[in-house]
Number of protein chains: 2
Amino acid sequence: MSLDGYVAGPSPSLDEPLGRGGQGLHEWLRSLAGWRAQHGLEGGTTGPEDELREEASSAVRAVVMGRRMFSGGSGPWEGDPNAGGWWGDEPPFRLPVFVVTHHPREPVSFANGTTFTFVTGGVGAALADAAAVAGEGVVGLAGGAEVIQQALSEGAVDRLRIHLVPVLLGQGTRLLDGVPPRGLQLDGVVASDAVTHLTYRLT
Amino acid sequence: MSLDGYVAGPSPSLDEPLGRGGQGLHEWLRSLAGWRAQHGLEGGTTGPEDELREEASSAVRAVVMGRRMFSGGSGPWEGDPNAGGWWGDEPPFRLPVFVVTHHPREPVSFANGTTFTFVTGGVGAALADAAAVAGEGVVGLAGGAEVIQQALSEGAVDRLRIHLVPVLLGQGTRLLDGVPPRGLQLDGVVASDAVTHLTYRLT
């Protein structure tokens, strides 16, 4: 999230899915050794920040995401140029992913262990399906903003980790918009030059 | 600032100037020993957080604020029920304060060293007046949000310190709204249960 609250910049498109300036919000992640190794890249930084990522990544057993995060599109699948998902042949999840959509379709599986299952019953239903396969593990809520806002509004989020990037985007999609008032408990801060990781409990 | 970016809640009024839930954003401050002593109150917490407040407070030699922060009102002074300011007989500044307003008037002075000077030339003019009296000292930009946004937009801010409170307000006045895109440098983080202090350089 940018300091002014955006998780995507203005004018998102298929070429620039995170909008103008939005891609820069993820640069810290692409510089971490653990993330790079996971994506077949060498180098990168190690340290507390990379450990935090590794800890979260290894606890998650299922993921929920919105339709736009799956393919960049919306509406019926027939008209979606990335109906198969835009994550390539090796989606970086390697676990069950539940995609919230209004448009039913059969699941899609990849050799690396990633499966995309499409849930038409809303965010709550997707979270329930994910929890069922996650067992004792954690369900990760990947985004986008709308899905996270809905989960927060339904009281379905136990922990919120915000990666606060020292940049102002000025416009775009805000992460926390229209979420009902409530308190949270700070559960930890890890800061580097590129990003401040703020973890909150909502219980 | 709340985690969702608000510095005041919805429906601000003379009775509740920070809007619904907004007063809670300042509770961390009122619990600090140094702030309490400054306001003739006993007790409070000490530690890195209080030191940070003390350091900032002792560096500041002049303050700029918006009209509404001075009196809670707007428009001509004749119609303002708090035209003398709503800070009481001992405004907690004890230094020159420059108030940005469209409505000229004579300065107001208090025995404790606080003077309010009214500047009609905009935020830039108020900052210039404050800098002239601050000399080598720091000019503090107290608020509200509009004045801070204008100063940021004009490139007049060197440092931004955000006191991030673990609460969602859902509605209200956002601190960082309509500010042009730019990068910042993180200059330090101090965290307690009640608030995370994030300092950024904008140079």
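Visitor: How many bridges join strand 2 of chain B to strand 3 of chain B?

Guide: The model is predicted: local features need pLDDT of at least 70 and side-chain atom pairs count only at pLDDT 80 or more, while totals for chains, interfaces and linings use all residues. Residues are numbered from 1 along each chain as its sequence is written, chains are lettered from A and ligands numbered from 1 in the order in which they are written, and side-chain values use heavy atoms, without hydrogens and water. Helices (H or I, at least four residues) and strands (E, at least two) are DSSP runs, numbered from the N terminus, and two strands pair if DSSP finds at least two bridges between them. Strand 2 (residues 60-66) and strand 3 of chain B run parallel, and the number of bridges joining them is 4.

Visitor: Which residue of strand 3 of chain B stands opposite Val64(B)?

Guide: Strands of a sheet pair through backbone hydrogen bonds, either parallel or antiparallel. Strand 3 of chain B also runs parallel to strand 5 (residues 115-119) of chain B, with 5 bridges, and there Val100(B) stands opposite Val119(B). Opposite Val64(B), the residue in strand 3 of chain B is Phe98(B).

Visitor: How many of the 5 residues of strand 3 of chain B are buried?

Guide: Buried means under 20% relative accessible area, exposed over 50%, and partly exposed in between (1.4 Å probe, protein chains only). Strand 3 (residues 96-100) of chain B is largely enclosed by the rest of the structure, because the number of its 5 residues that are buried is 4.

Visitor: Which strands stand at the edges of the open sheet of chain B?

Guide: The order of the 5 strands is 4-5-3-2-6, and the pairing is mixed. Each edge strand has a single partner strand, so one side of each is left without a neighbour in the sheet. These edge strands of chain B are strand 4 (108-109) and strand 6 (138-143).

Visitor: What angle does helix 6 of chain B make with strand 6 of chain B?

Guide: Strand 6 of chain B pairs with strand 2 of chain B in the parallel sense over 5 bridges, and Val63(B) stands opposite Gly140(B) in strand 6 of chain B. Helix 6 (residues 145-153) of chain B packs on the sheet and touches both strand 2 and strand 6 of chain B, where contact means heavy atoms within 4.5 Å. Axes are lines fitted to C-alpha atoms, for helices over the stretch in contact, and angles run from 0 to 180 degrees between N-to-C directions. The angle between helix 6 and strand 6 of chain B is about 130°.

Visitor: How many aromatic pairs are there over all chains?

Guide: Rings of Phe, Tyr and Trp (its six-membered ring) pair if their centres lie within 6.5 Å; planes under 30 degrees apart count as stacked, over 60 as edge-to-face and the rest as tilted. By this rule, the number of aromatic pairs over all chains is 14.

Visitor: How many residues apart in sequence are the parts that Phe70(A) and Phe118(A) tie together?

Guide: The ring centres of Phe70(A) and Phe118(A) are 5.1 Å apart with planes at 80°, so the pair is edge-to-face. Phe70(A) lies in helix 4 (residues 67-71) and Phe118(A) in strand 5 (residues 115-119) of chain A, so the pair ties together parts whose separation in sequence is 48 residues.

Visitor: Is Phe93(A) buried or exposed?

Guide: Phe93(A) forms an edge-to-face pair with Trp87(A), at 4.9 Å centre to centre and 75° between the planes. Trp87(A) has a relative accessible area of 27% and is partly exposed. Phe93(A), at 17% relative accessibility, counts as buried.

Visitor: Which residue has its charged end over the ring of Phe118(A)?

Guide: A charge sits over a ring if NZ of Lys or CZ of Arg is within 6 Å of the ring centre and within 35 degrees of the ring normal. In chain B, Arg67(B) lies over the face of Trp77(B), at 3.7 Å from the ring centre. Over the ring of Phe118(A), 4.4 Å from its centre, sits the charged end of Arg105(A).

Visitor: How much area do chain B and chain A bury between them?

Guide: Buried area is the accessible area (1.4 Å probe) that two parts lose on being put together, summed over both. The contact takes 30 residues from chain B and 30 residues from chain A. Carbon and sulfur atoms account for 64% of the buried area, which comes to about 2300 Å².
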